[in-house]
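Walk through this fold with the model open beside you. Begin at the sheet, then turn to the helices.

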Amino acid sequence: MAIERSLILLKPDCLKGGHAGEAVGRFEKAGFALRGAKMIQLTDEILNEHYAHLTDRPFFPEITGFMKSTPVVALILEGENAVANIRDLLGPTDSTQAPTGTIRGDMGTTSMENICHASDSVENAQIEIARFFDESEVF
């Protein structure tokens, strides 16, 4: 099994709902190691880069507005097959379709208010980690 890293963003609904500790706890209980963590206020610049693949979608302004509504917590998690295993732990992007027992199924409410962003590939994880963390912030 490959040891991988993934970027996680604890979204505004996660923080507003008081779910940050539970979400991080679930990741740790699943065996993922924390390799970086910080609270940040997202800017238009970083959101335009992070969501570049969605800029032509009609809901793009809603996503960026939501993601700027409060600070978020950015995490780097490491573990065996982290990208796929974290996405399994989270459940489907649409929280209404996520089964009970998954993070999104237990805490999320919609496809946007779905508690966490997680990298969707090893390649994107590397890009996203570099986008949100300086090398000196990764342990």
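Which residue in E3 is the bridge partner of isoleucine 8? It is leucine 75. This is a predicted model, in which local features need pLDDT of at least 70 and side-chain atom pairs count only at pLDDT 80 or more, while totals for chains, interfaces and linings use all residues. Residues are numbered from 1 along each chain as its sequence is written, and side-chain values use heavy atoms, leaving out hydrogens and water.

Strand E1 (residues 3-10) pairs with strand E3 (residues 72-80). The sense is antiparallel, over eight bridges. Strands here are DSSP E runs of at least two residues, helices H or I runs of at least four, both numbered from the N terminus. Two strands pair if DSSP finds at least two bridges between them.

Now widen the view. Four strands make an open antiparallel sheet, ordered E2-E3-E1-E4. Its edges are E2 (33-40) and E4 (116-118), each pairing on one side only. Neighbouring strands are turned by 20 degrees against each other on average, direction ignored. Axes are lines fitted to C-alpha atoms, for helices over the stretch in contact; angles run from 0 to 180 degrees between N-to-C directions.

Helix H7 (residues 122-132) packs on this sheet. H7 touches E1, E2, E3 and E4 (contact: heavy atoms within 4.5 Å), and its direction makes about 55 degrees with that of E1.

Turn to helix H4 (residues 60-68). Here Phe60, Ile63, Thr64, Phe66 and Met67 are buried. Buried means under 20% relative accessible area, exposed over 50%, partly exposed in between (1.4 Å probe, protein chains only). Down the axis of H4, the buried residues fall within an arc of 160 degrees, so they line one face of the helix. The arc is taken from the directions from the helix axis to the C-beta atoms. On the other side of H4, Pro61 and Glu62 are exposed. The buried residues of H4 pack against E1, E3, helix H1 (12-16) and helix H3 (44-50).
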